[in-house]
Amino acid sequence: PPRIVLGPENQNVKIGSTLTLECEADGNPLPHIWWKKDGLAVNETSQIYFTDDAIELTIDHVEASDSGTYVCVAENELGIAEVEAEVVVINVGPPRFLFEPYDLDAIEGTTVEMPCKAENDDILQIKWQKEGRTITPKDKYRISSAGSLFVANITLTDEGRYECSLLNKYGRATASGMLTVKKKAEALPGDQYVRIAIAEASREVDMAINQTIGRMFATGRNTTRYHDDLFRIVRFPTGPAREIARAAEVYERALVIIRKHVESGANLSTNTTDFWYQDLLSPEYLDLLEQLSGCMAHRVTPNCSDLCFHSKYRSLDGTCNNYKHPGWGSSLTGFQRLLPPVYENGFNSPIGWNRSAVYNGFQKPSARLVSTSLISTNTITPDDRITHMVMQWGQFLDHDLDHAIPSVTSESWDGVDCKKTCEYAAPCYPIDIPPGDPRIRNRRCIDFVRSSAVCGSGMTSIFFGSVQPREQINQLTSFIDASQVYGYTETFAQELRNLTSEEGLLRDGPHFPNQKPLLPFSAPTDGMDCRRDLDESQINCFTAGDIRVNEQLGLTTMHIVWMREHNRLAEQLHRINPHWDGDKLYYESRKIVGAIMQHITYEHWLPLVIGERGMAQLGEYRGYDSNVNPTIFNEFATAAFRFGHSLINPILHRLNDSYQPIPQGHLQLHKAFFAPWRLMYEGGVDPLLRGLYSVPAKLKKSNQNLNTDLTERLFEVAHAVALDLAAINIQRSRDHALPGYNDYRKLCGMKVATEFDDLKEEISDPAVRQKLKELYGHPSNIDLWVGGILEDQLPGAKMGPLFTCVLVRQFSALRDGDRFWYENEIFKPEQLAQIKRASLGRIVCDNGDNITTITDNVFVLPAKQGGYKRCDEIPQVNLEHWVDCTDCSRHHKRYEPLVRRRRSVNRAKRALPVSGKLDGSKTKDDLERPLPENEGHYALNDNHLEQLEDDSSFADDDMNEERIEGLEALIESFQKSMKQMRRKIRRLEQQCSAAVLAATAAGGNVGSGASANPAKGKPHGHCVDSKGIKRLNNEIWMRDDCTKCECEHHQISCETEKCAELICENNLVLVKEQGKCCPACVISDDSGTMTTIIKDAP
């Protein structure tokens, strides 16, 4: 075997120098030497080269990326020897600044700091100069150990340019800043308090955040998690979002602190109604306050210069979708609005903040009182058309579009926990409990925390030069881009990817018998822990692209299905295009997933929600419009899209493959919150999926709006007050300062109500109008969500005219303002045709654990569409149209050629067999008749699966479609062949011309000499194998005893022999001989020789 006699040594090299590594080996036969860096073979480039025998590896002009572990590999037929060496590239040169001086304004008599600090610790000297004169540290000047200059007791003579100079053994670096001194008369009263206020505000905010985090994420033996705790955790901002929200809070608190300091120190009256912060702070100090608080960070312009990427794929955070407005629709930005907000003080206090205030002559009613009087219902009526999947898709879609970030603290500015106070003290905005409440009698309020504001709105708007009303932050991207699957930032998305292979997959989680992979568990650092009762389960929460994944099991199931769909697509694309790397597979799969979600939403789901009238208002797609802002409307996220709460059933049905209840039974909704363990031990995702597409949604009626599981039992636990979803919706709309219902009636072209009977066209129930009058007193006081949810549903829709108006505007903006809308030529025509074949039913079939039957449209009850079908009858996306040979060789071979199957022309309308057998006695008329109402909507016990007679119309459609697809493929093939023939003709013409010239030069004696064909002797394509060895064209070699490889035109193809399993009987011994792939049974005699026993095949 080979032996390395001189190995490479560890080296530290400077950037720009030359690196040489040596390696000599001995052995018989003489070993071949090749090199690896960080596990990958090193190949020659213009910068990297080897000696002929690879004994020396040389790298010219070393860069930082050349650092790593280099391995010398010596290899012959008898074995391999390796020696490694660490190479560290040192960045040496003149010093560089970590902090450098900048222009400062100072007031006479104060002390300023001019910052100066080096990146590294190799500084020999730090020197300061003012106007070219060296500064000597003394009473007035002090230089810190880091290098900053402090100038005390500023006077007008200290004005000038200050320069910091850093010196090390490689050179010098300098930077300077201008100090401008203002007289005290020029300074405004609050200027001197800016730094003090920032320090105080930062300390208070950080303390409140830390205490909030401590309570939320505390761990320990005695720590108990309740549903409401988990509800707060899933809405608590993550790192980037928390920084934006924190900056706004620090800025707001600093302004309040400055005002207090001025009032106490200068006797300045600031309590007047026309108070203006610019009276306290000069523009320069407002700017400084902005920088110190961190409010500058959210306004950084996205970099969209990588057009190669941004022209093909969405960014993960939504930026650069619109080149003119790269921030439109991106994550961690403010909502947009249909109407200006209505704050009590004009810019940040919600309506009702002053409990005694009256509006149109009446006080605002408690959100809880409105909920118990008008919204909550114990009576549930099943819908006669749509399934519970309509609700579930709506929630899943909503978690792709918006998530208003709550305050980063749950303490008031005075340090009071919002769960322990009923006072309005930012960010606490509790929901008052009215007298005589039917459930809550031992408390005065339900705790509620305000949403965070984006920097530059509310109190922080003053540095924009005018008051901007408080605006909330959307943590997610606005686009329908599957961000709930992939995440909304680059960092988050990376955490969800499986980076252990180049297959573009998402991470998956545990595998259980008869189930496909589940989601991965959340990390301990996420703070999510679903193990509330260790006697019940020790299963933790899942993680996905949206942190709310564990809220209820129907939602969790959808996340699992779409994680599996991404991985299914990535695996198929990898099979079709094995030359694609992991990133390409990931982004192409993500692109397809997002397009399918858009198609399902607009073609299958939205028509059932907004009806024909809404779809007519939406209109046909006419192409991308860069002037349309796709950002989510605050009214959509906070009110209109919460219409789906009226569709929620209080029971999640769980059905087996015969569409009967599973042994564990159906699941009450309040038991499905944060309970991922049930998916593992109670049948997986299939029972829940069958329930969602088989069972009706709740029907909304005038007196049946939200079921009591949502208003009286939301996150119900012992010793805690259950939340009320309806009251939360109302309070949130007030927190976000949404104008009243009447204002939006005007916006949408409806009659503005001056009395409650003016609402009778939209709210026909006189008892409901009378109750509205008792609660609100005036129509203009009605909250937007309350008025919208109480409207009668339009024909064929699940909402009234006002919410339809809002949804049409939003979905129009999401479609027309999205450059990556799936119909905007981002797919080839044949690919788009495949996307339009997609359906949620097909997704469920492909990604359920063992779903074999389903309906054509999972949003419509089976009884309304003739029952169920087998999954193999549901159209499927053909990914063969994504084959890519633009960057693979002409010898590219797919590993597993797709067998094209013609769809059956016998398309049967299906219903589910209870017995599991087909009943051939049913007639066509029996199968197609609607089910009687008393037979239920999901247990189709008398309607079994059966093959129908040929349906010629379906057959013709299928055959025509296949003919068109075949013609398109044939035309594309002809076009490619013609291009290849043109290239060959041009080459032949060039060769003939060269031959004629050569013959002419030889005096016409063409036949007497060697062939003049210029193509003769042209080098053929060689290969480099995985070990770095150059292989000749057509060379055949054994990579190991079982694998034979061949080089053919730059492409290496290998065949591996598989060995059968042998069982040696009669004391025979299983032995593998050297040089042979498979072991054999042998006889060992007394002399030690072995005789091979060969059994003939029978």
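## Surroundings of Ala570

In this predicted model, Ala570 is in contact with Glu503, Gly504, Leu505, Leu585 and Ser589, once its neighbours within four places in sequence are left aside. Ala570 belongs to helix H10, which covers residues 553–576, and its relative accessible area is 0%, so it counts as buried.

## Nonpolar cores

The largest nonpolar core comprises 154 residues, and those with the most contacts inside it are Trp393, Trp562, Trp605, Leu772, Phe811 and Leu840. Helix H11, spanning residues 582–618, gives the most to this core, contributing 16 residues. In soluble globular proteins, nonpolar side chains tend to be buried together.

For Leu772, the contacts beyond four places in sequence are with Leu374, Phe756, Leu759, Ile763, Gly777, Ile782, Val786 and Leu790.

## A three-stranded sheet

An open sheet is formed by 3 strands in the order S3-S8-S7, with antiparallel pairing. Strand S3 (19–22) and strand S7 (48–50) are the edge strands, each of them pairing on one side only. Direction ignored, neighbouring strands of this sheet are turned by 15° against each other on average.

Between S7 and strand S8, the latter made up of residues 56–59, the antiparallel pairing runs over 3 bridges. Within the sheet, Phe50 stands opposite Leu57 in S8.

## Gln831 in helix H21

Gln831 is placed in helix H21, which consists of residues 829–835. Because its relative accessibility is 8%, below the 20% limit for buried residues, Gln831 counts as buried. When residues up to four places away in sequence are not counted, Gln831 touches His881 and Trp882.

## Confidence of the prediction

The mean pLDDT of the protein is 80, and 73% of its residues reach 70 or more. Over residues 265–280 the pLDDT is below 50, although this stretch has 34 contacts in the model beyond near neighbours in sequence. Residues 1087–1098 likewise have pLDDT below 50, and for this stretch the model contains 16 contacts beyond near neighbours in sequence. Where pLDDT is low, the predicted coordinates should not be read in detail.

Notes: Residues numbered from 1 in each chain as written. Heavy atoms only, no water. Core = buried A, V, L, I, M, F, W, Y, C linked by side-chain atoms within 4.5 Å. Buried < 20%, exposed > 50% of the residue type's maximum accessible area, 1.4 Å probe, protein only. Helix = DSSP H or I, 4+ residues; strand = E, 2+ residues; numbered from the N terminus. Contact = heavy atoms within 4.5 Å. pLDDT = per-residue confidence, 0-100. Pairing = 2+ DSSP bridges. Axes fitted to C-alpha atoms, helices over the stretch in contact; angles between N-to-C directions.
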